[in-house]
There are 2 protein chains.
Amino acid sequence: MNSLAEENYLKALFNLATENGDVNVTELSKRLGIKMPTVTSMMKKFAEKKLVHYESYKPLRLTEKGKREAGLVIRKHRLTEMFLVEKMNFAWEEVHDIAEQIEHIQSPLFFEKMDELLGHPKVDPHGSPIPDRNGKIVWKTYDKLSDCQEGDAVTLAAVINTSPEFLKYLNSRKISLGIRIKIRAVEPFDKSMVVSYGKSGSETLSNLVCERLLVEREES
Amino acid sequence: MNSLAEENYLKALFNLATENGDVNVTELSKRLGIKMPTVTSMMKKFAEKKLVHYESYKPLRLTEKGKREAGLVIRKHRLTEMFLVEKMNFAWEEVHDIAEQIEHIQSPLFFEKMDELLGHPKVDPHGSPIPDRNGKIVWKTYDKLSDCQEGDAVTLAAVINTSPEFLKYLNSRKISLGIRIKIRAVEPFDKSMVVSYGKSGSETLSNLVCERLLVEREES
DNA sequence: TAAATTTGTTAGTATTGTCTAACATTTTAT
DNA sequence: ATAAAATGTTAGACAATACTAACAAATTTA
């Protein structure tokens, strides 16, 4: 069984590997808000527990076991986020901190119950995939809205940045997962987009925002 | 803010005081499964934090602050038990261990949401009162079934022992909170009772069981 | 009331997970 | 190619919470 601290390291390792490929000690240290020497010693412990392949000065790589156990922590996190939103009426920008705590509950039954009550959801409230019972993630590949063209019609499937600030910004624009977005124009100078969706006439979204919105093109 | 360990000490102190009056180090040690020297040193820390009145070799007494904070932990525990049973379809004998973990979540909003979704319940699934937002418990006084007489008709309001074994025994007899029980006979020799309730013809309950069932007499 | 038992404290140690300071290696830039 | 910068490790310390062994006080019993 992994401790709470270990679960946090596992999750961070997995997420960083997904985001950036190779993970180094500095990044992991920054992500966790824990100083580098502490991270180094935890990685040695992880090596003994066969959770990472560790060699001094080399990038950190989760073993298969490490990936599985990390996936299971992320599963608990994302199921919790979904439960909080769907069953407890939380808004999507409120759930992260609570899920960070509940993900450490040791009770397979508890998470099985959540999964069942939610009808075995495939994604969390931000569109991130929920790993299966073996910790395996099935990745669907989405396009960034910023990579789409004038005239494209797309559906919003996920958001990359899940900070409360960004999510509140989206709330204020009535942007939520599942909305259909039409790209009316792309400004060449700053790559901002004029889009329409829902009941809005049209809105202008900066490139920074468009890069954080993952969409599916209409099936053709 | 109290740590997880401190919250456990607070809860145990409060519960022991409710059950037995005075609390001593030995009892607290046994209840927590923590050796006495560790308990002594935690009590010194509690004295500094003004959670207990501590004097060497004297019984342990929670301060008003200590009672309030203990009550708030117990509130979190009991709200959680109720939530697990009412909203997540757990059986009453399954919830204790999970609630022991969730009670330590630091998020007032999370527990407020539970309370709201449950409609501000006054008792948990075992009939124990849920402290209010200030940690105050309003005690209703019940009678033990074992103190009732032949001919009495009562309603089951709470159970004293909440061990899974006892609760499963009650399940097997279809005994649940709220059932109306009629006392058909009391065996003088061993104080066992012949009772009827629900659809059962009649059942015999040992004195040990009857002492653990708290009932309300029919309003007169 | 004195001995035995129970209860409680002190002292010293261990583990987990954190830190800072100092040093070592690797990478980048001139 | 070497100096500077970035990255990573070692060594030693610390806080929280637990433990055991030894001792002290209080209570019970004979």
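Asp143(B) has Val215(B), a residue of β8(B), as its bridge partner. The model is predicted: local features here need pLDDT of at least 70, side-chain atom pairs count only at pLDDT 80 or more, and totals for chains, interfaces and linings use all residues. Residues are numbered from 1 along each chain as its sequence is written, while chains are lettered from A and ligands numbered from 1 in the order in which they are written.

Helices (H or I, at least four residues) and strands (E, at least two) are DSSP runs, numbered from the N terminus. Two strands count as paired if DSSP finds at least two bridges between them.

**The sheets**

In chain B, six strands make an open sheet ordered β3-β8-β4-β5-β6-β7, with antiparallel pairing. Its edges are β3 and β7 (203–205) of chain B, each of which pairs on one side only. Strand β3 of chain B spans residues 143–144, and β8 of chain B spans residues 213–217. Besides the opening pair, Lys144(B) stands opposite Leu214(B) of β8(B). The strand β8(B) also has Glu216(B), which stands opposite Thr155(B).

Chain A has an open, antiparallel sheet of six strands too, in the order β3-β8-β4-β5-β6-β7. Here the edge strands are β3 (143–144) and β7 (203–205) of chain A, each pairing on one side only. In general, strands of a sheet pair through backbone hydrogen bonds, either parallel or antiparallel.

Which residues of β5(A) face Thr155(A) and Ala153(A)? Arg180(A) is the bridge partner of Thr155(A), and Lys182(A) stands opposite Ala153(A).

| Strand pair | Bridges | Sense |
|---|---|---|
| β3(B) and β8(B) | two bridges | antiparallel |
| β4(B) and β8(B) | five bridges | antiparallel |
| β4(A) and β5(A) | three bridges | antiparallel |
| β5(A) and β6(A) | five bridges | antiparallel |

**Helices that pack**

Two packed helices are described by the angle between their axes and the distance between the axes. The axes are lines fitted to C-alpha atoms, for helices over the stretch in contact, and angles run from 0 to 180 degrees between N-to-C directions.

Helix α4 (residues 64–88) of chain A packs against α5(A) at an angle of about 130°, their axes being 9 Å apart. So α4(A) is oblique to α5(A); in this scheme, angles under 35 degrees count as roughly parallel, over 145 as roughly antiparallel, 65 to 115 as roughly perpendicular and the rest as oblique. The crossing of α4(A) past α5(A) is right-handed (right-handed if the near helix is turned clockwise from the far one by less than a right angle, left-handed if anticlockwise).

Which residues make this contact? From α4(A) come His77(A), Thr80(A), Glu81(A), Leu84(A) and Val85(A), and from α5(A) come Val95(A), Ile98(A), Ala99(A) and Ile102(A). By class, they are six nonpolar, two polar and one charged. Residues are in contact if their C-beta atoms, placed from the backbone, lie within 7 Å. As for the classes, Ala, Val, Leu, Ile, Met, Phe, Trp, Tyr, Cys and Pro count as nonpolar, Asp, Glu, Lys and Arg as charged, and the others, Gly among them, as polar.

Also in chain A, the axes of α2 (residues 25–32) and α3 (residues 36–48) come within 9 Å and cross at roughly 110°. The helix α2(A) is therefore roughly perpendicular to α3(A). Val25(A), Thr26(A), Leu28(A) and Ser29(A) of α2(A) meet Met36(A), Val39(A) and Thr40(A) of α3(A). That contact has four nonpolar, three polar and no charged residues.

**Where the chains meet**

The contact of the two chains takes 13 residues from chain A and 13 residues from chain B. On the side of chain A that touches chain B, α5 (95–102) and α6 (108–117) of chain A each supply at least two residues. The most comes from α5(A), with four residues. This side of chain A holds seven nonpolar, four polar and two charged residues.

How do the copies relate? A rotation of 180° with 0.0 Å of shift along its axis superposes chain A on chain B, with an RMSD of 0.0 Å (least squares on the C-alpha atoms of residues with pLDDT of at least 70 in both). This is the relation of a two-fold axis. Within chain A, the C-alpha of Ile102(A) is nearest the axis, 3.6 Å from it. Both copies use the same surface: 100% of the contact residues of chain A recur in chain B.
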